[in-house]
Amino acid sequence: MTTGPGSKKTAQSPTPKKSAVTVKWARRLEVGREVLRNPLTVIGLTIIFLFLMMAVFAPLLAEPNQPDPYQSPRDWSNIDSPPGVAGHVLGTDSTGGDVLYGIIWGSRLSLQLSVTVVLFTLVFGTMVGSIAAMRGGRIDNLLMRIVDVFLSIPELIFALAIAAVLGPSFSNIILALAAVFWVKYARIIRGEIIKVKQADYVAAARVVGDSSWNIYRKDVLPNAATPLIVQATLDMGNVVLIGATLSFIGLAQAGLTEWGALVSAGQSGLLAGEWWVSTFAGLAIVLWALAFNLVGDGLRDVLDPKTEGR
Amino acid sequence: MTTASSSSSLHTVDTDSVVTLNDVKVHYPVKEGALQRVTGHVKAVDGVDLSIARGKTLGLVGESGCGKTTLGRVISGLVAPTGGDIWMDLSAQQQLDVNRLRGVNEAEMTAQDRQMWKDLTLNSRLGSMSREKQRQYRRNCQVVFQDAFSSLNPRQLVRDIVGRPLRVHEQTSGAELDKKVIELLERVGLGAEHLLRFPHQFSGGQRQRISIARALALNPEFVILDEPTSALDVSVQAQILNLLVDLQAEMGLTYLFITHDLGVVQHMADHIAVMYLGQIVEYGPTDQVFDSPLHPYSRVLRDSNPSLEGERNRDWELSGTVPNPIEPPHGCRLHPRCPVAAAGCGWSVSDVMSRTEENSPVIFETIKTVDRSDDYNAQINFENEGDAQGFVSQLNGSVINESMHRPPEVRGASVKVSFNEVSDASLEQIQDGRWSSCIRTQERGTLPDLNKSQQVNGKEGQ
């Protein structure tokens with residue numbers, strides 16, 4: 001682990017009244033400070049923060065459309081108008097939908113997509129990978145062969161197939177992405193656990209006579225989880241990228257304020273010189289994915305210095 | 001090794017033993033191919049008999065890969081043995097009983113013996129005794145690992161590491177736990193100020209102290225020290241060793257001290273067991289083993305130990321490298337490397353091949369095929385008769401030639417070799433309380449003299 005100046009301070013000035021909880025939080029803060037030392041990570045975090053604010057305060061930034069706020073309000077008198085015309089800051093698309101509105105409310109959908117898919121795949125993948133690694137033998141073989149099958153199909157094509165079978169809707173995109181993304185976590189955690197299980201502190205815990213669940217909870221998982229955190233951060237961006245691809249192809253409901261759908265809607269106007277719809281929506285996707293990649297890389301450098309520059 | 005021969009080779013101690021091993025084996029299967037078929041076994045531990053006397057220190061020495069760490073892990077319950085029995089807390093009489101009854105088929109036992117065997121297995125044998133007893137054994141037998149860096153969970157505070165055994169076995173928590181952990185830390189030379197720190201905030205020696213504190217938390221009787229000082233600086237080593245000696249005197253601990261460093265074990269151990277390729281080759285009181293080893297391997301280990309008291313005799317040296325533990329040599333396992341190996345030590349076809357490859361690679365290249373009828377008989381085929389003659393003359397005068405059933409026979413372009421079969425060496429009592437598995441020592445009662453003819457420049461006896 002890293003030993004910044006903060007850790008030396010705790011080592012040299014022990015105050016007897018400190019509790020174990022404060023010591024542990026001090027250690028976490030120290031890691032946090034280390035992460036913030038990288039300017040690129042700070043840029044990434046800032047972008048994420050701005051998107052979050054946008055999602056949270058969407059009703060204040062753009063008055064919600066009734067009855068469905070995830071459908072842009074139509075201004076039929078201003079179709080395909082460039083940015084700045086008639087109060088449409090970023091212009092309108094070919095059905096008179098406001099692009100800025102689409103991006104603001106689209107951030108809610110992106111956040112929803114990222115959080116749901118990553119949370120689900122992280123938990124499910126970790127469960128599968130942990131069972132495989134902790135049990136070993138036949139169960140490990142069986143689970144890993146299943147994982148191999150999933151891995152052998154390109155994730156975009158696989159997600160596309162699932163979403164196509166389930167029918168076009170936003171929740172089916174979530175399902176399709178969840179079905180694709182969990183395998184990576186299962187692989188990563190399995191490899192890490194097998195490595196950590198060799199450590200003498202696991203043997204020491206067994207000699208002491210602690211239960212396997214406690215050993216998993218206290219010794220194995222905390223020491224194997226670091227690459228998962230990094231991967232989850234990177235996937236927060238990747239999920240939106242692939243999700244946008246799916247709705248670009250038309251697997252989301254028509255007219256949804258989803259960024260990928262917006263890029264798709266503006267596509268036909270591109271040749272006619274109506275660049276603003278696809279560009280601004282595409283920019284939102286790029287910024288979102290870039291921000292999480294910057295943070296993910298920064299986290300990796302601090303938490304897992306051995307894989308630096310991979 | 002058959003049950004009969006192993007039961008006769010079990011050495012017992014004339015006091016209570018904390019743990020007694022009977023013909024303990026750990027064989028790891030070697031799997032090959034897509035079907036994962038078992039093609040052989042790595043014999044990490046191969047038939048070990050050992051008794052560890054209560055309150056004493058037993059030093060277990062051997063080079064890396066000889067199985068000493070695996071043996072330690074078997075005793076601590078981390079690795080399940082694939083054969084043999086482990087007994088806890090046997091009296092001197094019970095050790096003799098176990099020794100005797102193991103050689104007897106259960107159907108042939110008298111009713112009294114059968115009852116005795118049943119009691120022994122239910123009360124003292126790992127695997128067949130009650131859960132309560134197993135738990136008690138777990139508490140009583142703790143381990144200090146070699147690598148203090150990897151034996152402490154980097155994410156836990158010292159309080160949680162040292163306090164863990166107390167949490168698990170005594171449900172201690174809160175202020176009570178803190179108090180007990182501080183007591184333990186003070187016992188190993190640390191203090192209350194170290195309670196809320198992470199392992200990375202300590203030096204190697206301090207970490208090993210934390211490791212020792214954890215091992216002592218449950219007041220065990222028996223501690224396995226798996227090379228506890230080999231990862232430490234020499235100056236720190238001495239401190240840790242002194243701490244261990246003090247703790248033993250204070251708490252009446254029994255130690256199994258696993259190490260490759262004879263210098264360390266010489267000062268710590270009451271008895272010493274020398275291990276080579278999964279087997280114990282010599283056992284005896286430390287002073288005596290050091291003064292007059294009864295196995296060539298112990299002698300080599302002792303002589304290779306650097307000393308400040310002038311030049312040691314370096315004539316005793318091993319040749320070659322450790323053989324493949326999947327197919328260990330016949331007879332005495334040391335014989336292909338042994339400086340005093342003789343005809344009866346278990347030479348076989350494999351030895352001819354490896355000896356030729358090592359000593360005369362040119363002749364080895366001329367070998368076309370080898371038809372083995374078994375491990376002791378084979379026909380070696382060459383391109384022409386000249387090569388075959390060259391092969392035979394190369395063997396002339398060597399100890400390999402002497403151990404052959406009849407001299408190697410040249411028939412056209414092939415050579416027939418045929419060795420006398422030798423049964424596997426087993427530990428036997430040479431003198432009172434001193435055991436050796438050296439076949440030649442068993443014949444003569446003392447370690448054989450260095451074979452002058454094998455010496456390049458025989459300086460011995462000056």
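Is Asn219(B) buried or exposed? Asn219(B) is exposed, with 11 other C-beta atoms within 10 Å, where a residue counts as exposed if 12 or fewer other C-beta atoms, placed from the backbone, lie within 10 Å of its own, as buried if there are 20 or more, and as partly exposed in between.

This is a predicted model, in which local features need pLDDT of at least 70 and side-chain atom pairs count only at pLDDT 80 or more, while totals for chains, interfaces and linings use all residues. Residues are numbered from 1 along each chain as its sequence is written, and chains are lettered from A and ligands numbered from 1 in the order in which they are written.

Helices (H or I, at least four residues) and strands (E, at least two) are DSSP runs, numbered from the N terminus. Asp89(B) is partly exposed, with 19 other C-beta atoms within 10 Å.

The contact between the chains takes 23 residues from chain A and 28 residues from chain B, two residues being in contact if their C-beta atoms, placed from the backbone, lie within 7 Å. On the side of chain A that touches chain B, the elements that give two or more residues are α1 (5–12), α2 (20–36), α9 (200–208) and α10 (212–224), and α9(A) gives the most, with seven residues.
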